[in-house]
Amino acid sequence: MTRFFLLFIAWQTGLLALELWQPVYENLITPWTSILASIAASIMDFFDSGILTDQTQIIDRATGFAIQVESGCNGVEAFVILAAAVLAYPTSWRHQLSGIALGFLAIQGLNIIRIISLFYLAQWRADWFEWAHLYVWQTLIMLDALLFFLLWIQLIPKNQPLPAK
Amino acid sequence: MSIRVNKKKLLTFFAEILVMLPVSLIVWYQLSPWLTAFNSLALNISLNWQLPDVLAAIVHHDYWIDIETRLNIDTANGTGQLIIPVNALTYGAGLPFFAALMLATPDFDWRKTVILVCGILFLLLLQTFSIHVFVLKALAFDWQQQIAGAASPINQSNGLALLYQFLVLIAPNVAPLLLWATANKSFIQSVGGLSN
């Protein structure tokens, strides 16, 4: 357990430093934020035509209303924390890979719901938007990461041989 | 048998979180004027220590803190006092999250009550530190051009920018989880079947 904690903190520090490193930020994080905005806009456009994107902006063509998906809204931090926990957990690399891939889907799936809900909430009740944006959704995304991790360690087979490290 | 017990524990935890989180968020919001008063007091000490010539006063109302400086800024209507308003709750959302996690975890006893109180205090101090760094970032990056007469009291640096990003994007989310995990090792062990 102590080994898990130490590895978790080490992985987390390394991955977060990597995330903030300028080349990674410019070539991976920023493009991912644009992709996320496009995915959310495509889903919205499916049932509410007239939604477009401009890089990280999602725009309602009819009203001109727009929101910007920024760093901190792209789910990367939550994913980094989850990935660090999965990588620190003593199991085979296959299970770690599956945990990272499924965890990514779990976090980004919920994050897309967050972006869509905030886009409409901001137009409907601007005073609720701040609450939902800054406090509720931020917490729910972290909770998603924690619950996914607990579920994952529950479901992977026990007594896996430790990977040679 | 043990896996069945673990599953039951985990499901109970999930269910209790769903109850505790909204309760914690509401209580936290209702208490925010008092919590912000604490932040205000701590900021008065920390900012006066680092920027004694810059700080004029710290005024808090509800969950907003106004950092009133002795600096003047050039505006369209002339020169005016630089006041930096901060929404203190932006940096403190980890507090209700931590409280909800602690209260939802099985076997909540007196030891965990002490950890809950200490954790809340730690998160309040972290929140204060985040606001402190936000003020430094605002002076160095956001208001540097507009400050009239003299140079900004804080120099722009990559270190400050990185520290700000860490304290805004990462620490408020990571700190509650780390505190909770440290206090509930045995719960995680029982869920995952880890040994010491």
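In this tour, a contact (or a touch) means heavy atoms within 4.5 Å. What you have open is a predicted model, where local features need pLDDT of at least 70, side-chain atom pairs count only at pLDDT 80 or more, and totals for chains, interfaces and linings use all residues. Residues are numbered from 1 along each chain as its sequence is written, chains are lettered from A and ligands numbered from 1 in the order in which they are written, and side-chain values use heavy atoms, with hydrogens and water left out.

**Stop 1: Phe13(B)**

Select Phe13(B) and show its neighbours. Leaving aside residues up to four places away in sequence, Phe13(B) touches Leu146(A), Leu147(A) and Leu150(A) from chain A, plus Leu101(B), Ala104(B), Thr105(B), Pro106(B), Trp180(B) and Phe187(B) from chain B.

Now widen the selection to the core. A nonpolar core here is a set of buried Ala, Val, Leu, Ile, Met, Phe, Trp, Tyr and Cys residues joined through side-chain atoms within 4.5 Å; buried means under 20% relative accessible area, exposed over 50%, and partly exposed in between (1.4 Å probe, protein chains only). The largest such core has 112 residues, and those touching the most other members are Ile58(A), Phe149(A), Leu150(A), Phe13(B), Ile67(B) and Trp180(B). As background, nonpolar side chains in soluble globular proteins tend to be buried together.

**Stop 2: the A/B interface**

Colour by chain and pick out the contact: 32 residues come from chain A and 39 residues from chain B. Together the chains bury about 3,300 Å², 78% of it on carbon and sulfur atoms; that buried area is the accessible area (1.4 Å probe) that two parts lose on being put together, summed over both.

Switch to cartoon. Helices H1 (2-20), H3 (76-88) and H5 (126-155) of chain A each supply at least two residues of the side that touches chain B, with H5(A) giving the most, 16 residues. Helices (H or I, at least four residues) and strands (E, at least two) are DSSP runs, numbered from the N terminus.

**Stop 3: the S1–S2 loops**

Zoom to Gln55(A), in the loop between strand S1 (51-54) and strand S2 (57-60) of chain A. Gln55(A) has a positive phi of about 55 degrees although it is not a glycine, and counts as exposed at 63% relative accessibility.

Thr56(A) sits in that S1 to S2 loop of chain A too. Is Thr56(A) buried or exposed? At 12% relative accessibility, it counts as buried. Its side chain joins that of Gln68(A) in a polar contact of 2.8 Å.

Hop over to Asp62(B), in the loop between strand S1 (55-61) and strand S2 (64-75) of chain B. Asp62(B), not a glycine, has a positive phi of about 55 degrees and is exposed, at 51% relative accessibility.

**Stop 4: chain A, zoomed out**

Chain A has 5 helices and 3 strands, running α-α-β-β-β-α-α-α from the N terminus.

Notes. Polar contact = N/O pair within 3.5 Å; in protein donor to acceptor, adjacent residues only side chain to side chain.
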